[in-house]
Amino acid sequence: QVQLVESGGGLVQAGGSLRLSCAASGRTFNAMGWFRQAPGREREFVASINWSGGSTYYADSVKGRFTISRDNAKNTMYLQMNSLKPEDTAVYYCNLLADVYRTVNVFLSWGQGTQVTVSS
């Protein structure tokens, strides 16, 4: 079974940028997605991408600020986050999806995630 490891989080000021990575232990032909969970809140969908990278989908809260991409040669997915806001503070997770729009059901158990903290 493929395992995913998130990295790239950190502390950044509002308006700043971060790039998250999600490295897969092997090749996957699935759609993939980013999710986040803030303290005291449920995990929520952020963005998804199909295998080829030609189709993407974003939550309204990040549209125009975040960009999802993947490099299948490196078995890695990315999330470029610009114009960060304090409300983006959360632990960010990645997972496999059935397709780019089916964001409720994921294929794998959740990993450790990577913490993103945006200060005001």
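Mentor: S21 is buried, with a relative accessible area of 17%, where buried means under 20% relative accessible area, exposed means over 50%, and partly exposed is what lies in between, using a 1.4 Å probe and protein chains only. Before going on, please keep in mind that this is a predicted model, in which local features need pLDDT of at least 70, side-chain atom pairs count only at pLDDT 80 or more, and totals for chains, interfaces and linings use all residues. Residues are numbered from 1 along each chain as its sequence is written, and side-chain values use heavy atoms, with hydrogens and water left out.

S21 sits in strand β3, a strand being a DSSP run of E with at least two residues and a helix a run of H or I with at least four, both numbered from the N terminus. If we set aside its neighbours within four places in sequence, S21 is in contact with V5, E6, S7, W34, T76, M77 and Y78, and contact here means heavy atoms within 4.5 Å. For a view across the model, take V104, which is 83 residues from S21 in sequence and 21 Å from it in space, C-alpha to C-alpha.

One of the partners of S21, W34, leads us to the largest nonpolar core, which has 32 residues and in which W34, L79, M81 and Y92 have the most contacts. Such a core is a set of buried Ala, Val, Leu, Ile, Met, Phe, Trp, Tyr and Cys residues joined through side-chain atoms within 4.5 Å. At least two residues of this core come from each of β3 (18–24), β4 (31–37), β5 (44–49), β7 (66–71), β8 (76–81), β9 (90–97) and β10 (114–119), and the largest share, 5 residues, comes from β9.

M81, again not counting residues up to four places away in sequence, touches G16, S17, L18, L20, R65, F66, Y92 and V116. N82 lies in the loop between β8 and β9, and at 30% relative accessibility N82 counts as partly exposed.

The C-alpha atoms of P39 and A90 are separated by 7.0 Å, although the two residues are 51 apart along the chain.

Stepping back to the whole chain, we find 0 helices and 10 strands. The radius of gyration is 13 Å, close to the 14 Å that the globule rule gives for 120 residues, so the chain is as compact as a globular protein of that length; this radius is taken over C-alpha atoms, and the rule is 2.2 Å times the number of residues to the power 0.38. Buried residues make up 46% of the 120 residues, and among contacts between residues at least 6 apart in sequence, 56% join residues at least 24 apart.
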